[in-house]
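My notes follow in the order I looked things up.

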Amino acid sequence: MKQTSDSMNVLVTGGSQGIGLGIAEVFAAAGAQVAIAGRNPAKLEKARARLAELGATIVADVADRRSCTRMAAEAEELLGGLDVLCANAGIYPEQTLEQITPAELNDVFATNVHGMIFSVQACLDALTRSGRGRIVVTSSITGPTTGFPGLSHYGASKAAQLGFVRSAALELAARKITVNAILPGSIRTEGLDGLGTDTIARMESCIPQRRLGATTDIGHAALYFASEGAGFVTGQTLTVDGGQTLPEVPEAVVSA
């Protein structure tokens with residue numbers, strides 16, 4: 001596929017479902033050429049069926065550096081170049097602090113932190129060739145801003161991502177590559193499907209806008225960071241949470 005002057009070539013890791021697929025949908029609707037990467041071939045094909053505008057699907061495990069190298073090469077070849085990396089892949093297994101095993105800790109950091117870094121390393125040459133490279137990291141309010149019982153290892157990994165973003169932004173500025181992060185709040189994804197209406201309602205009651213975010217809400221934030229208009233924005237974070245982190249106390253959430 002040949003790149004045109006008014007289009008972007010975009011790779012979204014963890015793009016077969018949830019926030020990643022929402023990001024892909026927004027970029028595709030904006031006219032970008034989009035490749036999504038994920039570990040599960042069946043989920044990737046399901047995503048392709050849902051989003052006909054996808055340019056490519058790539059089977060890859062971001063926790064494996066060699067897999068990331070292959071992923072980046074495939075994306076650049078299939079799309080005809082690479083302008084934007086949305087480093088979105090992540091896992092969030094719940095476990096109490098005293099029960100976290102070394103294997104569980106390694107798994108979380110292997111995907112959320114190592115996988116982010118490996119993905120960026122693999123895409124650097126292609127993003128440099130673009131002349132307007134963009135890296136957008138999906139972090140979270142959990143860790144950098146808030147905490148949640150059972151997610152101490154996840155929160156630590158998400159806070160670590162922001163340390164990476166700031167330093168990477170300094171290193172890559174000379175290559176004309178920007179690096180920014182999105183901090184999603186409570187977003188309606190497949191992972192919430194089994195919680196039930198009562199639990200969802202309680203979650204919504206803590207959000208001033210009285211709704212969970214849509215995956216495309218995160219997609220629009222990513223599209224901004226990838227835009228020409230954000231060319232002077234780097235090393236920054238954008239919280240997308242419907243005001244969830246604003247109240248000092250829960251009672252401060254204004255009743256509907």
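**Burial and overall form.** I began with burial: 48% of the chain's 256 residues count as buried. Buried is under 20% relative accessible area, exposed is over 50%, and partly exposed is in between, with a 1.4 Å probe and protein chains only. This is a predicted model, in which local features need pLDDT of at least 70 and side-chain atom pairs count only at pLDDT 80 or more, while totals for chains, interfaces and linings use all residues. Residues are numbered from 1 along each chain as its sequence is written, and side-chain values use heavy atoms, with hydrogens and water left out.

Next I looked up the overall dimensions. The C-alpha atoms fill a box of roughly 50 × 40 × 40 Å along the principal axes. The radius of gyration is 18 Å, which agrees with the value near 18 Å for a compact globule of 256 residues. That radius is taken over C-alpha atoms, and the globule rule is 2.2 Å times the number of residues to the power 0.38.

The accessible surface comes to about 12400 Å², and 54% of it belongs to carbon and sulfur atoms. I used the Shrake-Rupley method with a 1.4 Å probe; for residues, only the protein chains shown count as cover.

**Fold.** I found seven helices and seven strands. Helices (H or I, at least four residues) and strands (E, at least two) are DSSP runs, numbered from the N terminus. The order along the sequence is β-α-β-α-β-α-β-α-β-α-β-α-α-β.

I then checked contacts, meaning heavy atoms within 4.5 Å. Among contacts with a separation of 6 or more, 71% join residues 24 or more positions apart.

**Cores.** Which residues touch the most other members of the largest nonpolar core? They are L11, I58 and I135, in a core of 36 residues. A nonpolar core is a set of buried Ala, Val, Leu, Ile, Met, Phe, Trp, Tyr and Cys residues joined through side-chain atoms within 4.5 Å. At least two core residues come from each of β2 (33-38), β3 (56-59), α3 (65-79), β4 (84-87), α4 (102-130), β5 (134-138), α5 (152-172) and β6 (178-184). The largest share, seven residues, comes from α4.

Beyond residues up to four places away in sequence, L11 touches A35, A37, I58, M71, A75, L82, V84, L85, C86 and C123. I also noted a second, separate core of 27 residues, including A28, I182, I187 and A226.

**Helix α5.** I took α5 by itself. It has 21 residues and reaches 30 Å from first to last C-alpha, close to the 30 Å expected at 1.5 Å a residue. The expected span is 1.5 Å times one less than the number of residues. Its buried residues include H153, Y154, F164, V165 and L172. The buried residues of α5 pack against α4, β5, β6 and β7 (237-240).

**Cysteines.** How many disulfides are there? I counted zero, taking a disulfide as a pair of cysteine sulfur atoms within 2.5 Å. For C68, the closest cysteine sulfur is in C123, 7.9 Å away, so the gap is too far for a bond. C68 is buried, with a relative accessible area of 0%. C123 is buried too, with a relative accessible area of 0%.

Most residues other than glycine have a negative phi. I therefore noted K176, which is exposed at 57% relative accessibility. K176 has a positive phi of about 65° and is not a glycine. K176 lies in the loop between α5 and β6.

R210 is another entry: its phi is near 60°, positive in a residue other than glycine. R210 sits in the loop between α6 (197-205) and α7 (215-226). R210 counts as partly exposed, at 29% relative accessibility.

**Two more residues.** Where is S16? I placed S16 in the loop between β1 (9-13) and α1 (18-29). S16 is buried, with a relative accessible area of 13%. Leaving aside neighbours within four places in sequence, S16 is in contact with L21, I36, K43, L44 and A47.

Last, I looked up D107, in helix α4. D107 counts as partly exposed, at 46% relative accessibility.
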